[in-house]
Amino acid sequence: MTMTKTTYREAVRAGLREALQRDPLVFLMGEDVGRYGGTYACSHGLLEEFGPERIRDAPLSESAFVGAGIGAALGGMKPIVEVMTVNFSLLALDQIVNNAATIRHMSGGQFSIPLVLRMATGGGRQVAAQHSHSFEGWYAHIPGITVLTPATVTDAKGMLLAALREPDPVLIFEHAYLYPMEGELEEAGLVDISKAALRRQGRDVSLLTFGGSLWKSLEAAERLAAEGIEAEVIDLRVLRPLDTATILASVRKTHRAVIVDEAWRTGSFAAEISAQIMEGAFYDLDGPVARVCSAEAPLPYPKHLEDAALPNVEGIARAVRGLLGA
Amino acid sequence: MNVPADRNHALELLRQMLRIRRFEEKTAELYSLGKIRGFLHLYIGEEAVAVGALQALGPEDAVVATYREHGHALVRGTPAGSLMAELYGKANGCARGRGGSMHFFDASRRFYGGLAIVGGGLPVAVGLALADKLQGRPRVTACFFGDGAVAEGEFHESLNLAALWKLPVLFLCENNLYAMGTALARHQSQTDIARKAQAYNLPGEAVDGMDVLAVEAATAGAVETVRGGGGPYLLEYRTYRFRAHSMYDAERYRTKDEVEQWKQRDPIAAFEGLLREWKCLTSDDLAAIEADIAAEIDKAVAFAEAGAWEPVEDLTKDVYTERT
Ligand SMILES: Cc1ncc(C[n+]2csc(CCOP(=O)(O)OP(=O)(O)O)c2C)c(N)n1
Ligand SMILES: [Mg+2]
């Protein structure tokens, strides 16, 4: 297996390039993906390499170009649609929920929508309430779509390539905080998008998380290790369909679970994970399941309030200590 | 064009444009010092639009703006200190520091944001106007948005709704030829934005947005129609942003040459030139205006620096109305 050091942003770009080179039916469409080079520079240089037919700058018409992605997929293309951020995907919600997610089933299986929809997600950059949402858990509520949350450099590329092999719509959420992050890109093999990933072995507690919160959870695990607490860290990475088996196996081993999710606690994806544990591993638990989520408020601009609102390393460690009575 | 009848008013237009320019130059400086964070979208180059347009409104009228709204709030009368404190994220800011650059609010001046989802302000403006109409108030709602917003369904839905119900809305499009990195001709099949009004049966008019007097005159005319019960009006101000879209923009999508060409039409320099030509402005006048503005901005920065941070305990305050 070859490894190369690169950034998350470059890994996404490498994935896009490989997809575009490999299959002439693949094209990229979205706001500022071409001349601007992508809001997060993920498509920098692709317009020059692949031309404006395949790297399509779209107007600020989220509903229309996401819907057009669905139509193009129905028409035999393999569109990668970039919605700049999850915040703006709300304008395309009807197309995603009412069309992309339903047409296969509603048509009695006659139609297939091999659409890949990428978008940045998450808070932590002081861009205030309207630009800091985390709705990947919301989207995971919807049957008919696959929801991926790559947190590592390898997953950033590998999950994109795997998503393109799917016959049904796949939503990929890239935490905006991760784009400049460096990591080792493993070149061998496709990422298995049916499985969660064990990121750290431990015996005392399971930290169940995904996306940008993975790195906070790993840091918390390090901090806890120094105190003699061994946390296992599971990167859920596929929110739908969920790999429940991996979650339950970890909880059966550690007997304790803390879920870390950047969304608001009420009705969060963390609540779903908690329910899965209740249903599948209740008698294996030594204590109640705990959740570390965002404060129940629109995300404010100033750093001290934003930090207080979002899950943080110390908050995660504290939740674990609370469970262990440490 | 004629020598303005009211010299003081002409000087006021110049002063307001300069206030915006100097205020924003200061914010760019403070951004590089890390005092201001997040997104910062500068209005530099487009000052004639907010200044000219807002002359036509009275204090009872409402304003809905975008994330590029520093100038609009300044002209509307929100104190510079309160805006600077908001940019710092301090509790003495116009929105307790919670919104920052993109989300100025000021109820006392009927300034309804500072809304940062492109196109999101238009339906809200329609509703504000509906409330006025239903309550028989002779007020108008001015809604600013960019050329990029014209591609959103909300633009089309709002124009139709406002025209259908004859609502007192001024749709004010600041066409600076780019939606982030996408040039007008790459995002509009019909680049003549004012003409889109025809499709929804409301008047539409394009104005030179680099000419503060033209902006003022056209907007005053539109306000008269709207206030008189004539229903909504679309104005397209043709303008240009001199700076990057936001602080993180490599500007790969336009040439330096193009920017330089537009800078030749700087609305402030142009108006200053006219005033001098008309003998309405001396170098001493200008120096006095600049000194005034510099003092105002120094005071604004001091006000922001002295401001307190909102206590963390208040994080979830005002998510809902407080009940006692
Ligand atoms: C619905 C939506 N899509 C995308 C964005 C990201 N975005 C912010 S500003 C902008 C460009 C808007 O251009 P325009 O309306 O012309 O206003 P300008 O910035 O030129 O003043 C984009 C794409 C957004 N805020 N909202
Ligand atoms: Mg624009």
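**Exercise 1. Describe the site of the magnesium ion (ligand 2) from its donor spacing.**

Along the chain, the donors of the magnesium ion (ligand 2) follow the spacing D-x28-N-x1-Y, where donors are N, O and S atoms within 2.8 Å of the metal (3.2 Å for Na, K and Ca), and since water is not among the atoms, sites may look incomplete. The model is a predicted one, in which local features need pLDDT of at least 70 and side-chain atom pairs count only at pLDDT 80 or more, while totals for chains, interfaces and linings use all residues. Residues are numbered from 1 along each chain as its sequence is written, chains are lettered from A and ligands numbered from 1 in the order in which they are written, and side-chain values use heavy atoms, with hydrogens and water left out.

*Solution.*
- Step 1: the ion is coordinated by B:D147 (OD), B:N176 (OD1) and B:Y178 (O), at 2.0 to 2.1 Å.
- Step 2: B:D147 lies in the loop between β3 (141-146) and α6 of chain B, whereas B:Y178 is in strand β5 (residues 178-179) of chain B, so the pair ties together parts that are 31 residues apart in sequence. Helices (H or I, at least four residues) and strands (E, at least two) are DSSP runs, numbered from the N terminus.
- Step 3: B:D147 and B:Y178 are both buried, where buried means under 20% relative accessible area, exposed over 50%, and partly exposed in between (1.4 Å probe, protein chains only).

**Exercise 2. Locate B:H156 and state which residues it is in contact with, leaving aside its neighbours within four places in sequence.**

*Solution.*
- Step 1: B:H156 has its place in helix α6 (residues 153-164) of chain B.
- Step 2: with a relative accessible area of 26%, B:H156 is partly exposed.
- Step 3: beyond those sequence neighbours, B:H156 is in contact with B:V150 and B:Y200, contact meaning heavy atoms within 4.5 Å.
- Step 4: although B:H156 and B:Y200 are 44 residues apart along the chain, their C-alpha atoms are separated by 8.2 Å.

**Exercise 3. Work out how many residues of helix α4 of chain B are buried, and what covers them.**

*Solution.*
- Step 1: helix α4 (residues 80-88) of chain B is mostly covered, since 9 of its 9 residues are buried.
- Step 2: among these buried residues are B:L83, B:M84 and B:Y88.
- Step 3: the cover over the buried residues of α4(B) includes α1, α3 (70-76) and α12 of chain B.
- Step 4: just after α4(B), B:G89 takes a positive phi of about 85°.
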